[in-house]
Amino acid sequence: MRQVVSEFRRRAEESDAVAVIDDSGSHTARELLTQAAGLADAVAGPGGAGTVLVQADNSWRTVAASLAVGMSGGVLAVVNRHTTGAEFAAAVEDIRPDAVVAEPSALEEWDVPALMAGAGRREVLAGWAAWSSVGARDVSRWAGGSLIGLTSGSTGRPKGVVQSEDALRYACSRTIAVNGLSHGDAIAAIVPLSSTAAYCFGVFMALSLGGPLVLWRKWEPAAVLARMAETRVRWTMCVPTMSLQLGTAASGSRVLQGLRSITVGGGPMDVAAMTRAEESLGTRILRVFGMSECLGHTSPSPEDPVEIRLGRDGRPFPGTELRVVGQDGREVRRGEVGRAQVRGPSLFLGYAHEGRLNPPELTTDGFFPTGDLMMTNEDGTVSVMGREKDVIIRGGRNIDVTEVERAVASHPDVSQACVVPVPDEILGERVAVLVTSADRGGIGLDEISRHLRGVGLSKAKWPEFVFAVDELPQTTVGKISRAGARDLARDLVAGLAGQAEK
């Protein structure tokens, strides 16, 4: 983080502008640097700050912590406050931080004193605490990495993704360019800053732009809309659920007409629902594709027509190569579905494992297999067709989850759909779908079946259970939690079975 922090300090010496606007008010650049200096002193040890694991909340503290680590030449690792004790212990095992910075209740809940043996505690950041080890620090173990972000862990143990400052800078510069942003523009971070992508396109991007970063500790769509309009935010990034909720909260007011665009990724999207959301908000929504391991590597343009902006997943950034291969590893023709592979300037360095960098498994020519099924269209845009492993096996037949979700989500009264398997003694798995809708009473199995017949989906792929819910389960970073959706669907199916037995 050294370069971006050095640039921030230079601008602060010239003009003490507002750098963060959060629930506690406005915070200037010099104010943040003062807090950062205190934190840097608290975590300093032989060899500098070392690797600092920070509770990344959506407040000025995360920015100040970034400045502290950057000005001392350290490596920043970010973790969510909702991380469980077991998940935190796994993160410590993989990252082996030299210091932990968090609110006191989190330090106690995570049992940091036991995990950081020999460490000392100091108060920092106006009420938080830092536990810092007494040993020598060596950031060379990360081979040039500057940020470690944990994956959501929805399908197993979270992984620490190690990214370089050059990768963050490239991803942000391309995003700034494609969205037509300018120096000094305000951007908003509404996704928790504890994910790699949210941190990159929140904290790092604001530091790069030199404008205010607008934040909220709690996700409340109406409050988010009001502050974004008041502070003249020009861009933000979120997941599909958030964009739809913002659209509903706006009620057609077009309150975000001053917003250049909203970048949306991280889940299935329905064109009609997203179109309604952007019309209600008064801005443009850009459907993108990216991952922690290769940040934000595709995007459409705000000037693209709706069928491109919302119906596909963008174009690769200049400098990023995205290819689609078949089972034999050879590229398939445009219009054919295959496995996605990517390489480029924002490709990660590897995963954190036992305190060191574990390089990624790449192809012989340096491409990273993303695990996604993808198609390249004739105009160079790409369409993500689902995950390689997102299938339900019912009676020996593979059912593509994404295909069924898209068909269900095309129903005019369905806002979101999540298709998951439920266990069956005979067939192995059966298909269930959770849907959100403004008209819960009218959405059931019969109605969805009629709709799927009308859109031509094979009957062999129709869901056997349809449950209307207020909202879909989410991960800590706001994405749909498939693990949570599976558990909920299984409970609902078990409830139906219990009623039938009475």
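Modeller: Two strands pair if DSSP finds at least two bridges between them. The model under discussion is predicted.

Biologist: How many bridges join S1 to strand S2, and which residue stands opposite Ile21 in S2?

Modeller: In general, strands of a sheet pair through backbone hydrogen bonds, either parallel or antiparallel. Here, S1 and S2 (residues 25–28) run antiparallel and are joined by four bridges. Opposite Ile21 stands Ser26 of S2. Two residues lie between S1 and S2, which form a hairpin.

Biologist: Which residue is the bridge partner of Ile21 in S11?

Modeller: The partner of Ile21 in S11 is Val214. Strand S11 (residues 213–215) runs parallel to S1, with two bridges joining them. Strand S1 (residues 18–22) is largely enclosed by the rest of the structure, because four of its five residues are buried.

Biologist: What is the order of the strands in the open sheet that contains S16?

Modeller: The order is S15-S16-S17, with antiparallel pairing. Strands S15 (289–291) and S17 (315–316) are the edge strands, each pairing on one side only. Between S15 and S16 (residues 294–299) there are two bridges, and Met291 stands opposite Cys294 of S16.

Biologist: At what angle do helices H3 and H8 pack?

Modeller: The angle between H3 (residues 60–71) and H8 (residues 196–209) is about 65 degrees, and their axes are 11 Å apart. Angles of 65 to 115 degrees count as roughly perpendicular, and H3 and H8 are therefore roughly perpendicular to each other. Their crossing is right-handed. Thr62, Val63, Ser66 and Leu67 of H3 make the contact with Tyr199, Val203 and Leu207 of H8. By class, this contact comprises five nonpolar, two polar and no charged residues.

How values were computed
Residues numbered from 1 in each chain as written. Predicted model: local features only at pLDDT ≥ 70, side-chain atom pairs only at ≥ 80, totals over all residues. Heavy atoms only, no water. Axes fitted to C-alpha atoms, helices over the stretch in contact; angles between N-to-C directions. Parallel < 35°, antiparallel > 145°, perpendicular 65-115°, else oblique. Left-handed = near helix turned anticlockwise from the far one by under 90°. Contact = heavy atoms within 4.5 Å. Nonpolar A, V, L, I, M, F, W, Y, C, P; charged D, E, K, R; others polar. Buried < 20%, exposed > 50% of the residue type's maximum accessible area, 1.4 Å probe, protein only.
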